[in-house]
Amino acid sequence: MSEPANTGATPPIEPPRVWFWRGVRAGVMSVQGLVLFAGFIGFGGLIRDIGFPLGAALLSTIFVWALPAQLLIVGGFAAGSPAPVIALAVGLSSVRFFPIVASIMPMIRGKSGLGTQLFASHFVAVSAWVESIRLVPALPVYARMPFFLGLSNYFLWGSVVTTVIGYLLAGTLPQALANGLVFLTPISFLLQLIRNSRDLVDWLALVLGLALTPVFAQFGGSFDLLWIGAIGGGAAYVIGRRLRARA
Amino acid sequence: MSFSDPMLYAYLLVILAGFLPTDVFRFAAVLFSRRIDEDSEVLILVRAVATALLAGVIARIVLFPTGDLAGVPLWIRLSSIAAGVAGYFLIKRSVLAGVIVAEIVIIGGAVYFR
C-alpha cells in the first residue's frame with residue numbers, strides 16, 4: 001500500500017490545481033496553522049499597541065513573511081532604532097531561512113525552473129516548513145511544488161486576515177483580553193523556539209538570549225539586540241562545542 | 001512626503017529593512033541549495049546567534065513592554081511565561097496547549113491584579 005510503484009500500475013497524473021487545493025486543505029487541518037494565526041492575531045494587537053500603521057504591517061506579512069523579522073521591524077520602530085540597525089537585525093534573524101529553504105527546496109522543487117523555485121522560496125517560513133517536511137515525502141514528486149504552494153499560500157493569506165482581526169480586536173476587547181492578545185506573540189514564539197531546540201547549542205542560545213536581555217537593555221543602547229544575538233549566540237556555540245567535545 | 005513622516009517611514013522600513021534582508025537569504029538558499037549542508041559549523045553558529053537574538057526579542061516584550069501590557073505587573077507576566085512553558089512540557093509538548101495555559105494566567109492576572 002505504501003509502495004504503489006511495485007504494483008506496476010501508475011496512478012493517474014493529476015493537474016497542479018488539484019494538488020494546490022490539497023495543500024490548502026492540509027493547511028486548514030493543521031494545528032500548526034492555528035498557532036501561526038494566533039501569533040498573527042497577537043502581532044495585529046501588538047502593532048496597534050505600538051502605533052505601527054496597519055497597512056505597513058500587512059505589507060510586512062506579505063513581503064517579509066517572517067514573524068520574528070516583523071517583530072524586529074515594529075519593535076525597532078517603537079524603540080526608535082536606526083533603520084540600518086533594524087535591517088541588520090532582520091538580516092541576522094532571517095539568516096535562519098538559509099538552511100530552512102535549502103533543506104526543503106530539494107524536496108519540493110521537482111522539475112520546476114529556477115524562477116518558480118525563487119518564487120516558492122518566499123513562501124517558506126517556519127510553519128510551512130514544519131508541515132511540508134512532515135507531509136511532502138508521501139506525495140509523488142510532481143505534486144510537491146503545487147501542494148507546498150497551496151499550503152504556504154493558505155498560511156500566508158490566512159495570516160494577513162488574522163493580522164487584521166488582531167488589529168481590530170485589540171481596539172474593542174476588554175483590556176485584559178487585549179493584554180492576552182499582545183502576549184500571544186512572545187509565548188508562542190518562546191514555545192516554538194523550545195520545540196525547535198534540538199541540540200545543546202540551541203538550548204544555550206535560547207537561555208543566554210533570554211538572560212542577557214535585562215543586562216543589555218540597561219546599557220546596550222539601540223544595538224542591544226545585536227549584542228544579545230552576537231554574545232549570547234557566540235557564547236552558546238563555543239560552550240556547546242566545548243561540552244560536546246568533552247562528552 | 002518626507003522621510004521623517006513616521007507613517008511613510010514604517011512602509012519604507014518594511015521593504016528596505018524587512019523584505020530585502022529577509023528574501024536575500026531565501027533567494028541565496030535556492031541558488032546554493034545543492035551545496036548546503038545543514039549541519040555545517042558556520043550554520044550552527046549563525047543559527048545560535050539568530051536564536052539568541054529572537055530570545056532577546058521575546059524577553060524584551062515580556063520584561064519591557066511598550067504599550068498597554070506595561071500595566072500588567074511583572075510577576076504576572078513572568079508567571080504566565082512559566083506556566084506556558086510548564087504547560088507545554090506537561091501537555092504532550094503541545095505549543096497550542098502551552099499558549100492556552102499562558103493565556104489563562106495572563107488574562108486572569110490582568111483581570112485581578114492590574
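Reader: Is Ser79(B) buried, exposed or partly exposed, and why?
Author: In this predicted model, Ser79(B) counts as partly exposed because 17 other C-beta atoms lie within 10 Å.

Reader: Which helix is Ser79(B) found in?
Author: Ser79(B) belongs to helix α3 of chain B.

Reader: And what does Ser79(B) touch?
Author: Leaving aside residues up to four places away in sequence, Ser79(B) touches Val105(B) and Gly109(B).

Reader: How many Å separate the C-alpha atoms of Ser79(B) and Asp68(B)?
Author: The separation is 18 Å, for two residues that stand eleven residues apart along the chain.

Reader: You mentioned α4(B). How many residues does helix α4 of chain B have, and how far does it reach?
Author: Helix α4 of chain B covers residues 95–113, which is 19 residues. From its first C-alpha to its last it reaches 26 Å, close to the 27 Å expected at 1.5 Å a residue.

Reader: Stepping back, how many helices and strands does chain B have?
Author: Chain B has four helices and zero strands, and along the sequence the pattern reads α-α-α-α. Of its 114 residues, 45% count as buried. Among contacts in chain B with a separation of 6 or more, 40% join residues 24 or more positions apart.

Reader: How many residues does each chain put into the contact between A and B?
Author: Chain A gives 87 residues and chain B gives 66 residues. On the side of chain B, α2(B) supplies the largest share, 21 residues. By class, that side of chain B has 48 nonpolar, ten polar and eight charged residues.

Reader: What about the largest nonpolar core, how many residues has it?
Author: It has 111 residues. Ile73(A), Val101(A), Ala52(B), Leu53(B) and Ile58(B) have the most contacts inside it. The largest share of this core, 13 residues, comes from α2(B).

Reader: Which residues does Val101(A) touch?
Author: Apart from residues up to four places away in sequence, Val101(A) touches Ser121(A) and Val124(A) in chain A, along with Arg26(B), Ala29(B), Val30(B) and Ser33(B) in chain B.

Reader: Which domains are assigned in chain A?
Author: The domain assignment gives domain 1 (15–181) and domain 2 (197–247). Their centres, taken over C-alpha atoms, are separated by 26 Å. Seven residues of domain 1 are in contact with five residues of domain 2. On the domain 1 side, helix α5 (residues 83–94) of chain A gives the largest share, four residues. That side has six nonpolar residues, one polar and no charged ones.

Reader: Last topic: what pLDDT does chain A average?
Author: Chain A averages a pLDDT of 86, and 94% of the residues score at least 70. Over residues 1–6 of chain A, however, the pLDDT is below 50, and this stretch has one contact in the model beyond near neighbours in sequence. Where pLDDT is low, the predicted coordinates should not be read in detail.

Methods. Residues numbered from 1 in each chain as written. Chains lettered and ligands numbered in written order. Predicted model: local features only at pLDDT ≥ 70, side-chain atom pairs only at ≥ 80, totals over all residues. Helix = DSSP H or I, 4+ residues; strand = E, 2+ residues; numbered from the N terminus. Expected span 1.5 Å × (residues − 1). Contact = placed C-beta atoms within 7 Å. Nonpolar A, V, L, I, M, F, W, Y, C, P; charged D, E, K, R; others polar. Domains from an automatic or database assignment. pLDDT = per-residue confidence, 0-100. Core = buried A, V, L, I, M, F, W, Y, C linked by C-beta atoms within 7 Å. Buried ≥ 20, exposed ≤ 12 C-beta atoms within 10 Å, placed from the backbone.
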